[in-house]
Amino acid sequence: IDHAEREVPAHLLSQGAREQLYLCLRVALAESFTKTTPLPLLLDDITVNADADRLPRLAQMIATVAQTHQVLVFSCQDRMVELLQQADPNARVITLPGSGTGTARIGAVS
């Protein structure tokens, strides 16, 4: 639903908005299963297409979800790793050796 209260099909959204929509659906699905079995969430570069001004809110949302779920965030973005650590100072970061172009990180927020 857009600002004018019109329904917008997902395929008409930007890549970043579509990915954020699907992230919300994944979180909602995990929440629905929590009543019977908590599920871990594996998130691989889910913010790579997000607008930079949305990253802090996405990091906060992920940290909030991590209060009730195990969340593993794979990211090549240093900024996202920093924001996740700010949103949850207890987040653990695992840095993997890079394959020639730098390092790869796994942010384990729990």
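**Figure 1. The largest nonpolar core of this predicted model has 18 residues.** Leu41, Leu43, Ile62 and Val71 have the most contacts inside this core. H1, strand E1 (41-44), helix H2 (55-65), strand E2 (71-75) and helix H3 (78-87) each give two or more residues to the core. H2 gives the most, with 5 residues. A nonpolar core is a set of buried Ala, Val, Leu, Ile, Met, Phe, Trp, Tyr and Cys residues joined through side-chain atoms within 4.5 Å. Buried means under 20% relative accessible area, exposed over 50%, and partly exposed in between (1.4 Å probe, protein chains only). Helices (H or I, at least four residues) and strands (E, at least two) are DSSP runs, numbered from the N terminus. This is a predicted model, in which local features need pLDDT of at least 70 and side-chain atom pairs count only at pLDDT 80 or more, while totals for chains, interfaces and linings use all residues. Residues are numbered from 1 along each chain as its sequence is written, and side-chain values use heavy atoms, with hydrogens and water left out.

**Figure 2. Helix H2 and its buried residues.** Leu55, Leu58, Ala59, Ile62, Ala63 and Val65 are buried in H2. They lie on the same side of H2, because they cover an arc of only 160 degrees around the axis. The arc is that of the directions from the helix axis to the C-beta atoms.

Figure 3. A salt bridge is a side-chain nitrogen of Lys or Arg within 4 Å of a carboxyl oxygen of Asp or Glu. Glutamate 82 is partly exposed, at 39% relative accessible area. Arginine 79 is partly exposed too, at 42%.

**Figure 4. Aspartate 51, its salt bridge with arginine 54, and alanine 17.** The closest N and O atoms of aspartate 51 and arginine 54 are 3.6 Å apart. Aspartate 51 is partly exposed, with a relative accessible area of 44%. Arginine 54 is partly exposed at 36%. Alanine 17 lies in helix H1 and is partly exposed, at 29%. Alanine 17 and aspartate 51 are 34 residues apart in sequence, yet 8.8 Å apart in space, C-alpha to C-alpha.

**Figure 5. The salt bridge of aspartate 2 with arginine 6.** The closest N and O atoms of this pair are 2.7 Å apart. Arginine 6 is exposed, with a relative accessible area of 53%. The structure holds 3 salt bridges.

**Figure 6. A nonpolar surface patch made by Leu21, Tyr22 and Leu25.** The patch has an area of about 280 Å². Leucine 25 lies in helix H1 (residues 15-34). Patches are made of residues with over 30% relative accessible area and no salt bridge; like charges are joined within 9 Å, nonpolar side chains (Val, Leu, Ile, Met, Phe, Trp, Tyr) within 5 Å. Accessible areas come from the Shrake-Rupley method with a 1.4 Å probe; for residues, only the protein chains shown count as cover.

Figure 7. The mean pLDDT (the predictor's confidence in each residue, from 0 to 100) of the chain is 84. Of its residues, 88% reach 70 or more. Where pLDDT is low, the predicted coordinates should not be read in detail.
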